[in-house]
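The entries below follow the order in which I looked things up.

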Amino acid sequence: MIPSWAIFTIGFAAQAFFTARTFFQWLKSERAKRVVSPSSYWVLSVLGAYTMFVYGVLRNDFSIILGQLISYYIYLWNLNAKGIWEKLGLVLQTVLLATPVVAALLLAQNGSEFVHNFFRNDGIPLWLVVFGSLGQVIFTLRFVYQWAYSRRTHVSQLPLGFWIISLIGSGTIVAYGIIRRDPVLILGQAFGFMTYVRNLMLCLKRPADEQA
């Protein structure tokens, strides 16, 4: 059995990737005086999603796993939009594309055990699973919105709506983390929340027709 300290170390490593992506995005946006979508943001997103998925499995936390599965392939799409994907090579591309699918199939291989671990876990009541999953879905929908917006404009961007959804989802996840007594989720959202507000302010300084 993996000790709790090791599991939380994996979780904090994932949040370190996510915090780094937010920091670099914020720093480059401040320098540009507008919201930008740097390539490093999407590279660190993929690394963070990989690690956070492992953390969610070890914590038997369905909401965390769900959130990563929804956003993962959007991260890959943005890597492609930034011209990075084609530079990774066929082997790495295959690994990146196949890993979540293989992991999901392995988790679902034993249906009864999967349901017990993630939906009938004595440590996480069903209502809390639903609440946490709702927070993750809201938080992840920002990337669905970002993907749809970027596809329409043919440029990888982080528009106004992205930051509004980020704030709503982040607040829900913090509440879930407090109830779950999960320091990874709470601390992971702390820095992000401030940068979401700042990016929102930068977006609002743009002309109204650019605030999609």
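**Entry 1: the largest pocket**

I found that helix H1 (residues 4–32) gives the largest share of the lining of the largest pocket, three residues. I worked from a predicted model, in which local features need pLDDT of at least 70, side-chain atom pairs count only at pLDDT 80 or more, and totals for chains, interfaces and linings use all residues. Residues are numbered from 1 along each chain as its sequence is written, and side-chain values use heavy atoms, with hydrogens and water left out.

I listed the lining of this pocket as Met1, Ile2, Pro3, Ser4, Ile7, Phe8, Leu58 and Arg59. A pocket here is an open set of points on a 1 Å grid over the protein atoms alone, with protein on both sides within 12 Å along at least five of seven lines; lining residues have an atom within 4 Å of a point. I noted six nonpolar residues in the lining, one polar and one charged. Nonpolar covers Ala, Val, Leu, Ile, Met, Phe, Trp, Tyr, Cys and Pro, charged covers Asp, Glu, Lys and Arg, and polar the others, Gly among them. The volume of the largest pocket is about 170 Å³, taken as the space filled by probe spheres set on the points, which are joined across faces, edges and corners.

**Entry 2: the cavity**

How many cavities of 30 Å³ or more does a search of the whole structure find? I recorded one; a cavity is a set of points where a 1.4 Å probe fits but cannot get out. The largest cavity has a volume of about 260 Å³. Of its 23 lining residues, Gln15, Phe18, Arg21, Phe139 and Gln189 are the closest to its centre. I found that H8 (183–204) supplies the largest share of this lining, six residues. H1, H3 (62–81), H6 and H8 each supply at least two. The lining divides into 10 nonpolar, 11 polar and two charged residues.

**Entry 3: helices**

I counted eight helices and zero strands, with helices being DSSP runs of H or I of at least four residues and strands runs of E of at least two, numbered from the N terminus.

I then examined H6 (residues 126–153) and H7 (residues 160–180), whose axes come within 8 Å and cross at roughly 160°. That makes H6 roughly antiparallel to H7 (an angle over 145 degrees). Axes are lines fitted to C-alpha atoms over the stretch in contact, with angles from 0 to 180 degrees between N-to-C directions. The contact of H6 with H7 holds 15 nonpolar, nine polar and two charged residues.

Terms used. Parallel < 35°, antiparallel > 145°, perpendicular 65-115°, else oblique.
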